[in-house]
Amino acid sequence: MPLKYNFQIVEQYLHINIKINLTTNGTFPILGAKEWGKLILPVASDVKISINGASKKINESIMEGIDFEKQIENLQKFIQIRDNILKEGKINPTVTLQVTFMESNIDEMPDLLKLAIDMKVDRFKGHHVWIVHPQLEKESLRRNKSTIKRLNKIVEKLYITVEKERLKKGNKIELDNIYQISYNGKKEIIPDNHVCPFLGSEAWIAWDGTFNVCCAPDNLRKTFGYFGNVKDTNFLELWNSENYKQLVQNWGIYDVCKMCNMRRPLNKIEGCNHG
């Protein structure tokens with residue numbers, strides 16, 4: 001995202017008193033983690049840092065171009081700014097580590113969770129890799145009964161770690177969108193048993209102002225159609241448009257919805273307001 005748009009977004013939210021829910025890769029270009037932290041955290045409800053390995057080798061092999069040591073250093077600086085803000089007692093922004101569950105990194109998830117706890121991260125959020133081309137099929141942990149069993153063992157370890165390893169003051173880190181799954185021999189998510197945590201509840205605005213409606217990969221999300229741009233139209237007009245209402249009303253019937261691994265089981269929808 002061009003730097004000028006970052007500034008514009010932060011400035012706008014300062015004036016209208018609405019909190020930002022931000023996802024970043026933790027590189028914090030040009031200004032650095034401290035200065036971005038001072039700008040972002042006062043207007044943030046939650047900031048998610050994407051990271052996909054507890055080791056340099058795994059994380060850098062998945063996140064092309066990332067510097068693992070620098071990413072960790074930036075996270076430490078960012079969390080220090082969060083702590084400074086918390087001491088003032090005015091607002092309560094949270095920091096989340098967001099991970100993608102895949103064949104290449106699943107064994108490192110327990111160590112990555114421990115790292116998050118050691119660094120005083122508030123939440124540890126997971127989601128499954130989107131299969132956007134055939135080459136990624138081998139990375140899916142949903143692909144057969146064996147990989148699902150492996151995933152479920154890791155999930156069990158994560159919940160055990162949360163109980164054993166506590167944050168400062170004895171608080172538990174929050175696990176979000178992390179749960180065991182069953183195998184039914186199908187690739188599609190069963191609509192009757194799952195809910196979309198985003199449509200009608202959260203707004204996804206791209207850096208250029210496009211109303212993206214959800215977090216599906218760009219090429220898949222565009223199959224829903226075009227829903228406008230906040231630079232051209234008041235956001236509430238887009239949110240209340242007939243086009244968007246129809247999408248919300250019919251969610252689950254679209255091919256993207258049927259394959260979406262961001263949909264949650266009905267009994268696992270707590271914490272959805274965090275994004």
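Let's start in a loop: Tyr226 sits between helix 7 (218-221) and helix 8 (235-239), where helices (H or I, at least four residues) and strands (E, at least two) are DSSP runs numbered from the N terminus. Before going on, know that this is a predicted model, in which local features need pLDDT of at least 70 and side-chain atom pairs count only at pLDDT 80 or more, while totals for chains, interfaces and linings use all residues. Residues are numbered from 1 along each chain as its sequence is written, and side-chain values use heavy atoms, with hydrogens and water left out.

Is Tyr226 buried or exposed? Tyr226 is exposed, because its relative accessible area is 56%; the cut-offs are under 20% for buried and over 50% for exposed, with partly exposed in between (1.4 Å probe, protein chains only). Setting aside neighbours within four places in sequence, Tyr226 is in contact with Thr210 and Asn243, contact meaning heavy atoms within 4.5 Å. Its C-alpha atom is 8.1 Å from that of Phe211, a residue 15 positions apart from Tyr226 along the chain.

Phe224 lies in the loop between helix 7 and helix 8 too. With a relative accessible area of 14%, though, Phe224 counts as buried. Not counting residues up to four places away in sequence, Phe224 touches Val213, Cys214, Leu247, Tyr254, Val256 and Cys257. Cys214 is 10 residues from Phe224 along the chain, and their C-alpha atoms are separated by 9.9 Å.

In general, a disulfide is a covalent bond between the sulfur atoms of two cysteines. Here the test is a pair of cysteine sulfur atoms within 2.5 Å, and a search of the whole structure finds 0 of them. Cys196 is in no disulfide, and the nearest cysteine sulfur, which belongs to Cys260, is 6.5 Å away. Cys196 counts as buried because its relative accessibility is 18%. Cys257 is in no disulfide either, with the sulfur of Cys196 as the nearest cysteine sulfur, 6.6 Å away. At 8% relative accessibility, Cys257 is buried.

Now step back to the whole chain. The secondary structure comes to 10 helices and 7 strands. Of the 275 residues in the protein chain, 45% are buried. Among contacts with a separation of 6 or more, 70% are between residues 24 or more positions apart. The accessible surface comes to about 14900 Å², and 51% of it belongs to carbon and sulfur atoms; accessible areas come from the Shrake-Rupley method with a 1.4 Å probe, and for residues only the protein chains shown count as cover.

What's inside? A nonpolar core is a set of buried Ala, Val, Leu, Ile, Met, Phe, Trp, Tyr and Cys residues joined through side-chain atoms within 4.5 Å. The largest one has 42 residues, and Leu97, Phe101, Met109, Phe124, Leu158 and Ile173 touch the most other members. Helix 2 (32-40), strand 2 (44-50), helix 4 (68-88), strand 3 (94-101), helix 5 (109-118) and helix 6 (145-164) each supply at least two residues of this core. Helix 4 gives the largest share, 7 residues. Apart from this core lies another, of 18 residues, including Cys214, Phe227, Leu247 and Met262.

Follow Met109 into helix 5. Leaving aside neighbours within four places in sequence, Met109 is in contact with Val99, Phe101, Phe124, Ile154 and Leu158. The buried residues of helix 5 are Met109, Pro110, Leu112, Leu113, Ala116 and Ile117. They lie on the same side of helix 5, because they cover an arc of only 160° around the axis, the arc being that of the directions from the helix axis to the C-beta atoms. They pack against strand 3, strand 4, helix 6 and strand 5 (174-176). After helix 5 comes Lys120, with a positive phi near 65°.

In strand 4 (residues 123-128) you'll find His128, which is buried with a relative accessible area of 8%. Beyond its neighbours within four places in sequence, His128 is in contact with Thr100, Phe101, Leu141, Arg142, Leu151, Ile181 and Asn261.

Finish with strand 2, which is mostly covered: 6 of its 7 residues are buried. Strand 1 (residues 20-24) and strand 2 run parallel, joined by 5 bridges; two strands pair if DSSP finds at least two bridges between them. Across this pairing, Thr23 stands opposite Lys48 in strand 2.
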